[in-house]
Amino acid sequence: MTGYKRVLLKLSGEALMGDRKYGIDPSVIDSMAVQIKSIVDEGHEVAIVVGGGNIFRGMAASANGMDRATGDYIGMLATVMNALALQDGLERAGVASRVMSAIEMRAVAEPYIRLRAVRHLEKGRVVIFAGGTGNPYFTTDTTAALRACEISAECVMKATGVDGVYDKDPKKYGDAVKYDELTYIDVINQGLKVMDSTAVTLCMDNDLPILVFNMHEDGNILRALRAQPVGTIVRGTSG
């Protein structure tokens, strides 16, 4: 694994909850901001996609009778709230950042324009992509893969609560086996919960590596960007 200059960091909404059952834990935001600052200070360019599951999940609402498209739009708005909270934490940590939303809301975020996003990154600003793709039926995993391709990121770094990808849930099974490397086809064929199939396929088609790692361990992002072994890497060929 080599080091990366420009990356897209995918954060789940649930990651912002900390030990809470709902919403945003400010201490988690502060911790994330410190870690992100450490990689920006080293000259890395960082874009972020954050989910909204800590506030609202469209698929769950759909299962309970809500129109799926309506539920997804509400979920997209939840990602904007998370993005603004994350931006506030970054700014307080001394990191210049911009929120760009796929759903226009100029009072709180810039509209998403690809070349403008790239320009922000080149100037050392962290760009937080909110509002999903702007369309229902697409997850924030797919948003992460899409935006990473658009800005020519070198890797999608998916932050999770475990230290990589396992053959089964390590929190439930003591004999779960961790993978250090996987191919896209491995992930699809084995149904591994890395990202949804649309996101994995998009990364595969564009030869975009996916790194799954535990962000709760201090310094993991920096270690990954320095090409030190962290988590599980998914790419076209293993080895």
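User: Contact means heavy atoms within 4.5 Å. Leaving aside neighbours within four places in sequence, which residues is Met100 in contact with?

Analyst: This is a predicted model. In it, Met100 is in contact with Glu110, Pro111, Tyr112, Ile113, Arg116, Ala117, His120, Val127, Ile128, Phe129 and Ala130, once neighbours within four places are set aside.

User: Where does Met100 lie? And is it buried or exposed?

Analyst: Met100 lies in strand E3, which covers residues 97–101. Its relative accessible area is 1%, so Met100 is buried.

User: How many Å apart are Met100 and Val162 in space?

Analyst: Their C-alpha atoms are 29 Å apart. In sequence, Met100 and Val162 are separated by 62 residues.

User: Back to Tyr112 and Phe129 from that contact list. How many aromatic pairs does a search of the whole structure find?

Analyst: The search finds one aromatic pair. The rings are those of Tyr112 and Phe129, with centres 5.4 Å apart and planes at 85°, so the pair is edge-to-face. Planes over 60 degrees apart count that way.

User: Which parts does the pair tie together?

Analyst: Tyr112 sits in the loop between strand E4 (110–111) and helix H4 (114–122), and Phe129 sits in strand E5 (residues 126–130), so the pair ties together parts 17 residues apart in sequence.

User: Are Tyr112 and Phe129 buried or exposed?

Analyst: Tyr112 is buried. Phe129 is buried as well.

User: Let's zoom out. How many helices and strands does the protein chain have?

Analyst: The protein chain has eight helices and eleven strands. Its radius of gyration is 17 Å, close to the 18 Å from the globule rule for 239 residues, so the chain is as compact as a globular protein of that length.

User: What does the C-alpha trace span along its principal axes?

Analyst: The trace spans about 50 × 45 × 35 Å.

User: And what share of the residues count as buried?

Analyst: Of the 239 residues, 50% count as buried. The chain exposes about 10,900 Å². Carbon and sulfur atoms supply 51% of that area.

User: Take contacts between residues at least 6 apart in sequence. What share join residues at least 24 apart?

Analyst: That share is 71%.

User: Charges next. How many are positive and how many negative?

Analyst: The protein chain has 26 positive and 29 negative charges. Their mean positions are 4 Å apart.

User: Now cysteines. Where does Cys203 lie, and is it buried or exposed?

Analyst: Cys203 lies in helix H7. Its relative accessibility is 0%, so Cys203 counts as buried.

User: What does Cys203 touch, not counting residues up to four places away in sequence?

Analyst: On that count, Cys203 touches Ala145, Val156, Tyr184, Leu208 and Ile210.

User: And how many Å apart are Cys203 and Cys149 in space?

Analyst: C-alpha to C-alpha, Cys203 and Cys149 are 7.9 Å apart. They are 54 residues apart in sequence.

User: Where does Ser152 lie? And is it buried or exposed?

Analyst: Ser152 lies in the loop between helix H5 (140–150) and strand E6 (155–160). At 53% relative accessibility, Ser152 counts as exposed.

User: What about the phi of Asp207?

Analyst: Asp207 also has a positive phi, about 50°, and is not a glycine. Its place is in the loop between helix H7 (197–205) and strand E10 (210–214). With 57% relative accessibility, Asp207 counts as exposed.

User: Switching to Pro229. Where does it lie?

Analyst: Pro229 lies in the loop between helix H8 (220–225) and strand E11 (232–235). Its relative accessible area is 78%, so Pro229 is exposed.

User: And what separates the C-alpha atoms of Pro229 and Asp180?

Analyst: The separation is 8.6 Å. Along the chain, Pro229 and Asp180 are 49 residues apart.

User: Last one. Where is the place of Asp19?

Analyst: Asp19 is in the loop between strand E1 (6–11) and helix H1 (26–41). At 81% relative accessibility, Asp19 counts as exposed. Asp19 and Val108 are 28 Å apart in space, C-alpha to C-alpha, and 89 residues apart in sequence.

Terms used: Residues numbered from 1 in each chain as written. Predicted model: local features only at pLDDT ≥ 70, side-chain atom pairs only at ≥ 80, totals over all residues. Heavy atoms only, no water. Helix = DSSP H or I, 4+ residues; strand = E, 2+ residues; numbered from the N terminus. Rg over C-alpha atoms; globule rule 2.2 N^0.38 Å. Buried < 20%, exposed > 50% of the residue type's maximum accessible area, 1.4 Å probe, protein only. Areas by Shrake-Rupley, 256 points an atom, 1.4 Å probe, with all protein chains shown as cover. Lys, Arg positive; Asp, Glu negative; His and termini not counted. Charge placed at Lys NZ, Arg CZ, Asp CG, Glu CD. Phe/Tyr/Trp six-rings, centres within 6.5 Å; stacked < 30°, edge-to-face > 60°.
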